[in-house]
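Work through the exercises below with the sequence and the 3D structure open. Each task is followed by a solution in steps.

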Amino acid sequence: SLFERVEGQQFKLCSTPSSSAPSIHAETGRQKTMNSTVRKVLVVGGNGFVGSAVCKAALARGVQVTSVSSSGNPYRTPKGHSPAWTAKVLLLIDYAALEVDWQRGDAFHPETFAHLLPEVDGVVHTLGTLIEDSSYKDAIRQGNIPALASSFFKAATGDTGNPLAKNDSTNRKTYNALNRDAALRVCEAFLASPPEANGSTNKPRPFIFVSAEDIFRPVIPARYIESKREAEQGIEQMIGNSTEYRGVYIRPSLVYHAHVRPLTTPAAALLDLSATLHKKVPQSLPTPSSILRSIGSSFGPRSTETSTSVFESVANALTIPPIHVDHVAAAICVALDSRNDVRGVVGVRRMRELIGWVEDGEAKSGTGLAVAPETPRPTSFLSMHYNLRHSLARAYAIRADARRAISQSAAAKRALPFVLNTHKGTQEDRDERVVRMLMFGKPGAGKGTLTARLTRKYPIISLSTGDLLRQHIAERTEIGLEAEEIVARGGLLPDETVLKVLTSKLDSLQHKHWILDGFPRTLGQAELLDTHLKKRNMPLTLVVNLDVPDEVILSRISDRWVHLPSGRVYNMSYNRPRVEGFDDQTGEPLTKRPDDNPEIFARRLAAFYTQTSPLLSYFDKTAAQPDAPRPNTHQHPHQLSFHAPSGLKVKTLSGTTSDEIWPQLDRLIQNTFPGLRERLEPKAVKTRQLVSSAITAGLDATSSR
C-alpha cells in the first residue's frame, strides 16, 4: 500500500532515502509540519503495546521518534506483521522526512543509550508488567483465554513461581524491577544529560512515566500498584523543584484495543457501561461503588500514598471508564508539548480533556490530578423511594445520552467498545452528523481554495448564491424572473428573494453534505437562513472563521493571478504557474482581478469587519443555546423532556496560508463528522497523480544536484 492512515493523518510511503533526495525541500517541510515544542522524543519500550502507540501518534504529529527496547526490533502485531509506519522508510508529511529510529538498549543500564538523551526534548517510559509471570502477555496477544485465566489465578493466589527467584535482586521480571527500578534509572540518566546547546526550546523537558489507576485488585497483587506509586514518588523527588525538567505520571485504567488485544474489549465494554451508569445515577441514590468505598473506609486498612483498600480498588474499576490505547498515546503527545505545561498525575478524565474529549456536564480540570473518589451516597431507603420516580423517568435517556456524548469525536467513536458502538441513532443524531457548513473569512483569506479542497476530498456540495441566481434567470423560473426584473431596474435583491434562490436548492438536500459560498453576508440574512433551516429540521452544524493577518492577505492579493474561465488561482509567492503569466492546464493567459489592489482591498476589509463580526457573535450565541426538545409522538405524556445541547459548532482556524489552515480544517471535519467518508477517486486519476508526483520529485532531485 502506498498510503498509511495513522490518527487521521495520511502518510505517503517511499523507499529508503538516497543521496539525491532534496534536503532543502525536506527541511522546509519539517519546519511547516512540526509546530510543537517537541521535535524529538525517546520512547523506552517503543515496540510494546503502549509504546508502539506512542511512537505512531508522535510520528503522526511530526515528531522524530527514537524507540529503545531490549531487542531493538520494530513493533510487530500479534500475528507477526510489521505495520507500514514501522518500516525503515521515509514518512512524508507535507514534505517532512521522518522515521522511527529503532535502537537497542537496556533500561536497567541506561548508559547503553545515554548518548541519545541530550538530543531529545522528552522521554516517555512505558515499561511495566501487570503480573510477574510474563506469560500473561503471550496469552493476551494470542487470545488464549485459559492461559490468561491461569495467569490471573496464580497472581491472585500468590503462586508466581520460585520464591527465591522472586526475591533475587538480579531478577528483572519482578514488580520492583520492571515497574519501579527501571523507571528510576532511566529518569536519573535523563536528568544527568543536559540538552544540546542548539535545542529548539528553553522549556522544561518532560519525563513521562506510564503508571496505572488502582483498579485491578484483588485479581492483581497489591504490589503492582504499590511499585507504580513508589516509582512516581521517586521520580518526583529526583525532579524536585527543577525548572529544567517536569514529571508527568499517566494513569490509565483498563487499556484496550479491539484487534491487538481482543480479550480486553468485552471487559472494556462492561466497565465503560458501569462508569456511564454510575455517572448518570442521581447523587441522592447509593451505588455499588459508594457502598464499597464506605466499607473500605470503615473496615479496610488505612489508605496511604502508595496503597489503598481493596474495596477502593474495586470501586475505582466500577467508576473509572476504560481507555483506548490510541487515546493514551494522544494524551501523552499533548503532555509532551511544553506549551500545555502538563505536570503531575494525569488520570483518565484528564487524558480525555487533553485530547479534546470533554464529556457533557463536566467542567474542565486544570490540575491534572487523578479522579477524586466520589462523595459517599446515602443508603437511606426513604431517600431511595423519594428519588425513584425521577430516576425511572431518566432511565430511558441514559443509554442514548451516554452514546451521544461518547461519539462526538472521531477518535472516541473509533475506540469505543463494540458493545456500545452499535447505536444507529435517532433522526436528531443523524442530522447532527450531516455537514451543513458556513465559512467566513476576509477577502483573500483562502475560502475558495479550502472549499475546493473539501469538495475534492469529501462528498460535500458547494453552493454559490451567484451561480444559483444565474441558473434561475437562465431557466426563466418564477424566482429568476423576479430577480431579473429587480436587477434590470438597478436595484438590490431583498434578503427574502436571495433566501428563496438559495433554499430552492437547499430544501432538496435534506440529508446531503453542503457548504454555502457567499451567503449570509449580513445579520438579517443569517437570521433568515437559520430560522428557515430549523423549520426544515436541517439546522447548521458547523461555522468556520478563517483568521489570516491583514498584511498577509494584502501581500497575497498583490501577487495573485487568476485564470478566469476555470477560476484557478496562482500566487507568485508560493503557487507560481509553470510558465509565468499562463495557465498550467490550458496555456491561456492569466489576468488580475479588478479588485486586487490595496485601495479596494482596504474598503472590502472594512466592510468585512463591519458585517462579519455581528454574524460570528450571532452564531456563537446560537451554538451556546441548547436546542428545544423536538416533539416525539411516541413519548409518554408524563415522561420528562430534556433540552439537548446545540448541534452547531463554531470554530476559528488561524494561519498565514491555506496549506497551514487545511490540516486544521481537515481534522475539524473528521472529528465533528466521524461518519463522513472520503470520495473514491477513479483508479486512473490516482495513477496520474502518482506518476506526476514521481516525475516532479525526479525533476527536483535533478535540479538540486
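**Exercise 1.** Determine whether Arg229 and Glu232 are buried or exposed, and how the two are placed in helix H7.

Solution. The model is a predicted one.
Step 1: The cut-off for buried is under 20% relative accessible area, and both Arg229 and Glu232 are buried.
Step 2: The two residues lie in helix H7, three residues apart, which is about one turn of the helix.
Step 3: An α-helix has 3.6 residues a turn, so residues three or four places apart point the same way.
Step 4: Arg229 and Glu232 form a salt bridge, with 3.3 Å between the closest N and O atoms.

**Exercise 2.** Find which parts of the chain the salt bridge between Arg180 and Glu230 ties together.

Solution. Step 1: The side chains of Arg180 and Glu230 meet at 3.0 Å, N to O.
Step 2: Arg180 belongs to helix H6 (residues 175-191) and Glu230 to helix H7 (residues 222-239), so this pair ties together parts 50 residues apart in sequence.
Step 3: Arg180 is partly exposed, with a relative accessible area of 21%; Glu230 is also partly exposed, at 23%.
Step 4: A network of salt bridges links Arg180 and Glu230 with Asp181, Arg223 and Glu226.

**Exercise 3.** Repeat the analysis for the salt bridge between Glu119 and Lys40.

Solution. Step 1: The N to O distance between these side chains is 2.7 Å.
Step 2: Glu119 sits in the loop between strand E7 (100-104) and strand E8 (122-125), and Lys40 in strand E3 (residues 40-44), so the pair ties together parts that are 79 residues apart in sequence.
Step 3: Glu119 has a relative accessible area of 29% and is partly exposed.
Step 4: The salt bridges in the model come to 23.

**Exercise 4.** Work out where the buried residues of helix H21 lie around its axis, and what covers them.

Solution. Step 1: In H21 (residues 550-558), the buried residues are Ile553, Arg556 and Ile557.
Step 2: Viewed down the axis of H21, they fall within an arc of 90 degrees, so they line one face of the helix.
Step 3: Their cover includes strand E18 (560-563), strand E19 (568-571), helix H22 (598-624) and helix H23 (658-672).

**Exercise 5.** Give the strand order of the open sheet of five strands and name its edge strands.

Solution. Step 1: The order is E15-E16-E14-E17-E20, with parallel pairing.
Step 2: Strand E15 (460-464) and strand E20 (649-654) are the edges, each pairing on one side only.
Step 3: Five bridges join E15 to strand E16 (residues 513-517), and Ile460 stands opposite His513 in E16.

Notes
Residues are numbered from 1 along each chain as its sequence is written. This is a predicted model: local features need pLDDT of at least 70, side-chain atom pairs count only at pLDDT 80 or more; totals for chains, interfaces and linings use all residues. Side-chain values use heavy atoms; hydrogens and water are left out. Buried means under 20% relative accessible area, exposed over 50%, partly exposed in between (1.4 Å probe, protein chains only). Helices (H or I, at least four residues) and strands (E, at least two) are DSSP runs, numbered from the N terminus. The arc is that of the directions from the helix axis to the C-beta atoms. Contact means heavy atoms within 4.5 Å. A salt bridge is a side-chain nitrogen of Lys or Arg within 4 Å of a carboxyl oxygen of Asp or Glu. Two strands pair if DSSP finds at least two bridges between them.
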